[in-house]
Amino acid sequence: YGNNVVLNDNLMFVGAPGRDMIQKARNSGQIFIYSKDQGGENNWGLVTTIIPETVDDMVGDVLKYLPNRRQLFVGVPMYGSRNDGCIYVYQANADFSEWVLVDQILPNSDVKGNTFGWALDVSDTHLLTSTPRDKQNGPSNGAAFLYQWDPESNKWTYVRKYMETLDTNKMFRRHQTSHHFGNSVALSGNSVYIGSAHYTRVYS
């Protein structure tokens with residue numbers, strides 16, 4: 001409990017990826033949703049919880065909230081029997097007492113490794129996620145993936161893939177593995193920030 005905490009005005013989301021909420025399942029995970037002044041002034045009271053329908057996915061470790069749409073984005077890098085990963089999108093009702101799963105973003109053919117949804121950031125127009133285990137650029141060198149919101153289809157559409165620029169010198173290139181590019185990601189304006197074990201690059 002408390003692996004990830006997201007605070008937005010009067011709402012607080014707390015992830016508990018180690019919770020065993022499904023019978024005979026370990027680490028299915030759970031998300032607790034609190035509201036300020038619930039049960040008394042300045043008291044953070046529990047409004048509801050989100051319990052996944054799948055097992056062993058450790059739901060709750062990666063959370064982002066988009067207040068303009070009342071949507072909670074949940075990265076689930078351990079989703080699937082091979083930990084392929086995915087992103088769940090939950091929609092709240094008017095009083096935030098009910099959260100319905102409205103979308104699931106799955107990795108496409110550009111993803112060359114598992115744990116998609118490892119890191120996540122989202123704005124009204126763009127979504128950025130990653131898998132540090134992407135192997136297209138070398139074993140576990142990682143990659144990040146940019147999506148854009150399409151208001152006509154009401155879907156997140158894939159835009160492009162980011163990978164670390166490696167040294168072209170073969171003497172140095174052989175040591176450039178397991179950088180885990182995409183271990184952390186962030187969006188700011190027209191720029192994306194992608195963290196790796198050794199340095200951070202900024203793309204515009």
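The close-up views below are all taken from a predicted model.

View 1. In soluble globular proteins, nonpolar side chains tend to be buried together. Beyond its neighbours within four places in sequence, Val74 is in contact with Ile31, Val59, Gly60, Val62, Leu63, Cys86, Ile87, Tyr88, Tyr90 and Leu120.

**View 2. Aromatic rings of Phe13 and Trp99.** The structure holds 11 aromatic pairs. In the pair shown here, the ring centres of Phe13 and Trp99 are 5.6 Å apart and the ring planes stand at 85 degrees, so the pair is edge-to-face. Because Phe13 lies in strand S2 and Trp99 in strand S8, this pair ties together parts that are 86 residues apart in sequence. Phe13 and Trp99 are both buried, and together with Tyr65 and Phe96 they form one aromatic cluster.

**View 3. Aromatic rings of Phe116 and Phe145.** The centres of the rings of Phe116 and Phe145 are 6.0 Å apart, with their planes at 55 degrees, so the pair is tilted. Phe116 belongs to the loop between S8 and S9 and Phe145 to strand S11, so parts that are 29 residues apart in sequence are tied together by the pair. Phe116 is buried, with a relative accessible area of 0%, and the relative accessible area of Phe145, likewise buried, is 0%.

**View 4. Surroundings of Thr129.** Thr129 lies in strand S10, which covers residues 126-131, and counts as buried because its relative accessibility is 0%. A polar atom of the Thr129 side chain lies 2.8 Å from the backbone oxygen of Ala119. With neighbours within four places in sequence left aside, the contacts of Thr129 are Ile87, Phe116, Gly117, Trp118, Ala119, Leu120, Ala144, Phe145 and Tyr147.

**View 5. Surroundings of Gln30.** Gln30 has its place in strand S3 and is buried, with a relative accessible area of 5%. Its side chain makes a polar contact, at 3.4 Å, with the side chain of Thr49. Although Gln30 and Ala16 are 14 residues apart along the chain, their C-alpha atoms are separated by 5.2 Å.

**View 6. Salt bridge between Lys155 and Asp103.** The count of salt bridges comes to 3, and in the one shown here the side chains of Lys155 and Asp103 meet at 3.6 Å, N to O. Lys155 lies in strand S12 (residues 155-162) and Asp103 in strand S8 (residues 99-105), so the pair ties together parts that are 52 residues apart in sequence. Lys155 is partly exposed, with a relative accessible area of 40%, whereas Asp103 counts as buried at 14% relative accessibility.

**View 7. Salt bridge between Asp134 and Lys161.** The side chains of Asp134 and Lys161 meet in a salt bridge at 3.2 Å, N to O. This pair links distant parts of the chain, 27 residues apart, with Asp134 in the loop between S10 and strand S11 (143-150) and Lys161 in strand S12. Asp134 counts as buried at 0% relative accessibility, and Lys161 counts as buried at 14%.

**View 8. Salt bridge between Asp84 and Arg82.** Asp84 forms a salt bridge with Arg82, in which the closest N and O atoms are 3.7 Å apart. Asp84 is partly exposed, with a relative accessible area of 29%, while Arg82 counts as exposed at 61% relative accessibility.

**View 9. Confidence along the chain.** The mean pLDDT of the protein chain is 85, and 83% of its residues reach 70 or more. Confidence is highest in strand S9 (residues 120-122), at a mean of 97, and lowest in helix H1 (residues 170-173), at a mean of 42. Over residues 168-175 the pLDDT stays under 50, and for this stretch the model has 4 contacts beyond four places in sequence.

Key
Residues numbered from 1 in each chain as written. Predicted model: local features only at pLDDT ≥ 70, side-chain atom pairs only at ≥ 80, totals over all residues. Heavy atoms only, no water. Helix = DSSP H or I, 4+ residues; strand = E, 2+ residues; numbered from the N terminus. Buried < 20%, exposed > 50% of the residue type's maximum accessible area, 1.4 Å probe, protein only. Polar contact = N/O pair within 3.5 Å; in protein donor to acceptor, adjacent residues only side chain to side chain. Contact = heavy atoms within 4.5 Å. Salt bridge = Lys/Arg side-chain N within 4 Å of Asp/Glu carboxyl O. pLDDT = per-residue confidence, 0-100. Phe/Tyr/Trp six-rings, centres within 6.5 Å; stacked < 30°, edge-to-face > 60°.
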